[in-house]
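This briefing covers one protein chain, from its annotated positions to its overall dimensions. Please read it alongside the sequence and coordinates.

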Amino acid sequence: MTISLVATEPKPKGVKVEIVENARTVRGTTLLKRGFAHMCKHGVVMDVTNVEQAVIAEEAGAVAVMVLDKLPYDVRKAGGVARTASIKVIQEIMDAVTIPIMAKCRIGHIDEAKVLEATGVDMIDESEVLTPADEERHIWKWDFTTPFVNGGKNLGEALRRIEEGCAMIRTKGEPGTGNVAEAVTHIRMVNGEIRKLRSLYEDNDKQELMKAARELKVSYAIVEETARLGRLPVVNFAAGGITTPADAALLMNLGCDGVFVGSGIFKSDDPAQRARAVVLATTFHDDPKIVMEAQKMVDEKKSLLGMDTKNLELRMQERGQHA
């Protein structure tokens, strides 16, 4: 897949040009940000809360780790306000592993994002897992040099986040539940909406594409590019409720570019083995025999018990959905 540069801000503040030993270096361009996301494709990003978990993730073959104060399952149990992780913990993990480090900030919390950028993380997740600072406004990500990932449960949400400057989308799912159903619903919803746009594009029906852009609350240019590509113009990972190797394979076979796994690994009773199994199933998702071998590596009795997503008091996927 060629890296699409659609919806690029003309003169983003996040682009930094430096001269080092007579060489001109440029950081924070759309190509670099989205290119980093492409480098993570077909891989697993694992939620971690400490160095021990980060090391397990790296040894299992994760392409990156996402640092949190609490895993989503524990966020649900603890209640209260969930904020970005301790900077000391992030730095300890950065010193302990060699794979990229991601970290979450609250929706709309510009200064949490600035702190994470100053810390030197490789990607920032403006995440609904944490308590939103602003329900109606997401961060204008073009002002940052560090790439962002955002959640989206439908095409309109995803495209609005891309126009704000995010370099990667992930399905929201319902984090911390151990139930993959919501993630499946969201990727099927996005895929279905894109198929409709693709059909309009093939019919050269620009009037209907413009109508779709108005309904999605985005520009015509990004709708046309999405229709032309037949997919989102940035990398799209699955997230929310993935617990088993088969869960990961299912989302990959539905068209996701990779998976985020959090509570499903480190709230199970076999985290190291399960981490390796999920990576294996994600990599070879289109080979049922290898996915079966990966599934054999985990014991269902040791899986996260999970929650019924229909009766949740807190539905994280709904945070920031109207922005």
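In this predicted model, the unreviewed UniProt entry assigns the annotation "binding site" to Arg-188. Arg-188 is located in helix H7, which spans residues 181–202.

**Annotated positions**
- Besides the binding-site entry at Arg-188, UniProt (unreviewed entry) lists Lys-104 under "active site".
- Lys-104 sits in strand E5, and strand E5 covers residues 101–106.
- Lys-104 has a relative accessibility of 6%, which is under the 20% cut-off, so Lys-104 counts as buried.
- Leaving out residues up to four places away in sequence, Lys-104 touches Asp-47, Met-66, Val-67, Leu-68, Thr-84, Leu-116, Asp-125, Ser-127, Val-129 and Leu-130.
- Two of these contacts, Asp-125 and Ser-127, point one way from strand E6 together with Met-123.

- Strand E6 comprises residues 123–127, and five of the five are buried, so the strand is largely enclosed by the rest of the structure.
- In a regular strand, side chains alternate between the two faces of the sheet.
- In E6, Met-123, Asp-125 and Ser-127 point one way, while Ile-124 and Glu-126 point the other way; all are buried.
- E5 and E6 run parallel and are joined by five bridges.
- Within this pairing, Cys-105 has Glu-126 of E6 as its bridge partner.
- Between E5 and E6 the chain passes through helix H5 (residues 110–119), and this β-α-β crossover is right-handed.
- E6 also runs parallel to strand E7 (residues 148–152), with three bridges joining them.
- Glu-126 stands opposite Asn-150 in E7, and Glu-126 is also the bridge partner of Cys-105.

**Helix H1**
- Helix H1 spans residues 30–39; seven of its ten residues are buried, so the helix is largely enclosed by the rest of the structure.
- The buried residues of H1 are Thr-30, Lys-33, Arg-34, Gly-35, Phe-36, Ala-37 and His-38.
- Elements that cover these buried residues include strands E5 and E6, helix H6 (155–163), strand E8 (168–171) and strand E9 (235–237).

**Thr-244**
- Thr-244 belongs to the loop between E9 and helix H10 (245–253).
- With a relative accessibility of 10%, against a cut-off of under 20%, Thr-244 counts as buried.
- Apart from neighbours within four places in sequence, Thr-244 is in contact with Arg-274, Val-278, Gln-295 and Glu-300.
- E9, at one end of this loop, is also among the elements that cover the buried residues of H1.

**Whole chain**
- The secondary structure consists of 13 helices and ten strands.
- A compact globule of 323 residues would have a radius of gyration near 20 Å, and the chain's 19 Å agrees with that.
- Along the principal axes, the C-alpha atoms fill a box of roughly 55 × 50 × 40 Å.
- Of the 323 residues, 55% count as buried.
- Among contacts between residues at least 6 apart in sequence, 67% join residues at least 24 apart.
- The chain exposes about 14300 Å², and carbon and sulfur atoms supply 50% of that area.

Definitions and conventions: Residues numbered from 1 in each chain as written. Predicted model: local features only at pLDDT ≥ 70, side-chain atom pairs only at ≥ 80, totals over all residues. Heavy atoms only, no water. Buried < 20%, exposed > 50% of the residue type's maximum accessible area, 1.4 Å probe, protein only. Helix = DSSP H or I, 4+ residues; strand = E, 2+ residues; numbered from the N terminus. Pairing = 2+ DSSP bridges. Right-handed = clockwise from strand over helix to strand, strands pointing away. UniProt positions renumbered as here; feature names shortened; annotations may be inferred. Rg over C-alpha atoms; globule rule 2.2 N^0.38 Å. Contact = heavy atoms within 4.5 Å. Areas by Shrake-Rupley, 256 points an atom, 1.4 Å probe, with all protein chains shown as cover.
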